[in-house]
Amino acid sequence: MATVFSPSALFTTTTTTTTTTSSPTTTTTTTPTSNKPHLSIRPPTKLHFPNITTTTLTAAALAAATIISTTTPPALAAEPYATYYGTAASAANYGGYGGNSDKKASAEYIYDIPEGWKERLVSKVEKGTNGTDSEFYNPKKRTEKEYLTFLGGLRQLAPKEAVLNNLALSDVNLQDLIASADSVSSEETKDEKGQVYYVYEIDSASAHSLISVTCAKNKLYAHFVMAPAAEWKKDQETLKHIHESFKTVG
């Protein structure tokens with residue numbers, strides 16, 4: 001039995017298979033399947049690069065602004081000390097009587113006062129008996145203080161030991177401190193004008209004291225800095241500063 005080929009079969013993608021058997025003719029048509037995968041095409045991705053220069057400058061500007069806003073100018077910082085101007089006026093002229101109301105203009109001595117310390121008003125009686133002219137204290141610990149006494153009619157300093165003993169005669173607290181002292185040291189110094197100062201340091205288990213004594217204008221001036229032992233250890237730098245700040249003027 002002959003097989004007939006159609007001309008169109010040469011131009012199609014189908015394959016015709018003819019099977020001859022004793023039974024009726026059966027024609028099977030097979031369509032080939034493509035094994036190639038389907039690829040999806042995506043549009044190109046645009047890469048974004050940060051503007052490094054702009055970012056860096058912005059961060060630097062913010063940092064600088066922060067520093068400027070949080071830094072306190074030196075001119076605005078609070079002064080840790082104030083200057084006291086003492087007149088060493090007699091009891092009759094106490095409180096500004098006799099033309100001594102302007103302390104700075106008529107000052108005979110000066111010393112520094114720590115910020116926050118309070119002035120203790122000296123009575124006329126106290127001024128007339130032991131010569132106390134001024135006193136300031138730490139309100140957190142009243143026994144931490146500085147004060148000045150003066151005596152008139154003295155042109156020059158006696159020997160160092162005699163001066164300290166004479167000061168103790170009118171100061172009970174100084175007497176007790178010397179009596180219980182572990183050590184007492186003294187030295188003689190001169191300022192830029194050649195004026196002589198005696199400097200004493202008294203140390204005991206309970207307290208510490210620094211004393212500076214000098215003579216000027218026929219007066220003896222004695223500046224005292226005193227503190228309990230515990231406060232001396234904590235505030236030593238401040239206490240030494242106010243001790244060294246004392247000097248006569250005018």
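Me: Which helices and strands each supply at least two residues of the lining of the largest pocket, and how should I read such a feature?

Reply: Rolling a probe the size of a water molecule over the atoms shows where empty space is left. Here β9 (196-204), α6 (229-245) and β12 (247-248) each supply at least two lining residues, and α6 gives the most, with three. A pocket is an open set of points on a 1 Å grid over the protein atoms alone, where a 1.4 Å probe fits, with protein on both sides within 12 Å along at least five of seven lines; lining residues have an atom within 4 Å of a point. Helices (H or I, at least four residues) and strands (E, at least two) are DSSP runs numbered from the N terminus. This is a predicted model, in which local features need pLDDT of at least 70 and side-chain atom pairs count only at 80 or more, while totals for chains, interfaces and linings use all residues. Residues are numbered from 1 along each chain as its sequence is written, and side-chain values use heavy atoms, without hydrogens or water.

Me: In what order do the seven strands of the open sheet run, and which are the edge strands?

Reply: Strands pair if DSSP finds at least two bridges between them. In this sheet the order is β5-β6-β7-β11-β10-β9-β8, with antiparallel pairing, and β5 (118-119) and β8 (181-190) are the edge strands, each pairing on one side only.

Me: How many bridges join β6 and β7, and which residue is the partner of Phe136?

Reply: Strand β6 (residues 132-138) and strand β7 (residues 141-152) pair in the antiparallel sense over six bridges, and the bridge partner of Phe136 is Glu146, in β7.
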